[in-house]
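Dear colleague,

Please find below the structure that I am passing on to you. My notes on it follow directly after.

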Amino acid sequence: MIKLKDLLIEDTSIDLINRWKRTVSDSEIKYYCKRDNCGPAAISFMQFLTKQGIKGLKRVEGFFKADTVVSDKNDFTTEMKKEFIQSGGNWNSSKERKQWIENSKYAQQWKYIPHYWVEDSKGTVYDPVGQEQFIDTGLAKDLDKKR
């Protein structure tokens with residue numbers, strides 16, 4: 001069950017993220033919203049929060065557990081690419097790459113995506129670009145902090 005105070009914290013987090021997004025340029029937002037650019041986004045967001053008087057911030061390096069595997073070309077290791085091609089896969093087919101990973105020994109591991117976010121001293125999670133990197137791309141249905 002969700003408590004009212006949890007909703008207020010989440011609403012405040014979303015409000016702060018939206019306010020931060022209005023302080024950075026469109027090109028910066030576009031850059032930050034690409035997967036693997038969450039680290040610089042977290043740093044920029046921390047700087048914004050510090051200016052808002054929020055203390056006890058830390059950038060957290062971890063993993064986000066997606067609902068589905070990542071399967072872009074750069075998500076493959078050299079060994080995986082070799083296995084994929086040797087099994088007859090078409091390297092230029094995103095559909096084939098995704099199906100191959102889903103049915104491989106990598107299936108569960110490739111749902112864990114390296115990611116950075118910000119936490120305050122109370123444990124509040126602020127994920128400035130999680131929406132764009134995970135929800136908008138279809139990798140996850142929500143940003144539940146248990147992920």
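Of the 147 residues in the protein chain, 41% count as buried. Please bear in mind that this is a predicted model. Taken along the principal axes, the box filled by the C-alpha atoms is roughly 55 × 40 × 20 Å. As for contacts between residues at least 6 apart in sequence, 66% of them join residues at least 24 apart.

Turning to the secondary structure, the protein chain has six helices and three strands. Read from the N terminus, the order of these elements is α-α-α-β-α-α-β-β-α.

The three strands form an open sheet, arranged in the order 1-2-3 with antiparallel pairing. Strand 1 (58-65) and strand 3 (125-126) are the edge strands, each of them pairing on one side only. Strands of a sheet pair through backbone hydrogen bonds, in either a parallel or an antiparallel manner. Here, two bridges link strand 2 (residues 112-119) to strand 3 in the antiparallel sense. Glu119 has Val125, in strand 3, as its bridge partner.

Is Asn37 buried or exposed? Its relative accessible area is 12%, and because buried means under 20%, Asn37 counts as buried. Which residues is Asn37 in contact with, once its neighbours within four places in sequence are left aside? They are Tyr31, Tyr32 and Gln133.

Finally, I would draw your attention to the second largest pocket. Rolling a probe the size of a water molecule over the atoms shows where empty space is left. The second largest pocket holds about 200 Å³ of space. Its lining is made up of 13 residues, and those that lie nearest the centre of the pocket are Arg35, Val70, Ser71, Asp72 and Asp75. How many residues of each class are there in the lining of this pocket? Six are charged, four are polar and three are nonpolar.

With kind regards

Note on methods. Residues numbered from 1 in each chain as written. Predicted model: local features only at pLDDT ≥ 70, side-chain atom pairs only at ≥ 80, totals over all residues. Heavy atoms only, no water. 1 Å grid on protein atoms, 1.4 Å probe; cavity = no way out; pocket = protein on both sides within 12 Å on 5 of 7 lines; lining within 4 Å. Points joined across faces, edges and corners; volume = space filled by probe spheres on them. Nonpolar A, V, L, I, M, F, W, Y, C, P; charged D, E, K, R; others polar. Buried < 20%, exposed > 50% of the residue type's maximum accessible area, 1.4 Å probe, protein only. Contact = heavy atoms within 4.5 Å. Helix = DSSP H or I, 4+ residues; strand = E, 2+ residues; numbered from the N terminus. Pairing = 2+ DSSP bridges.
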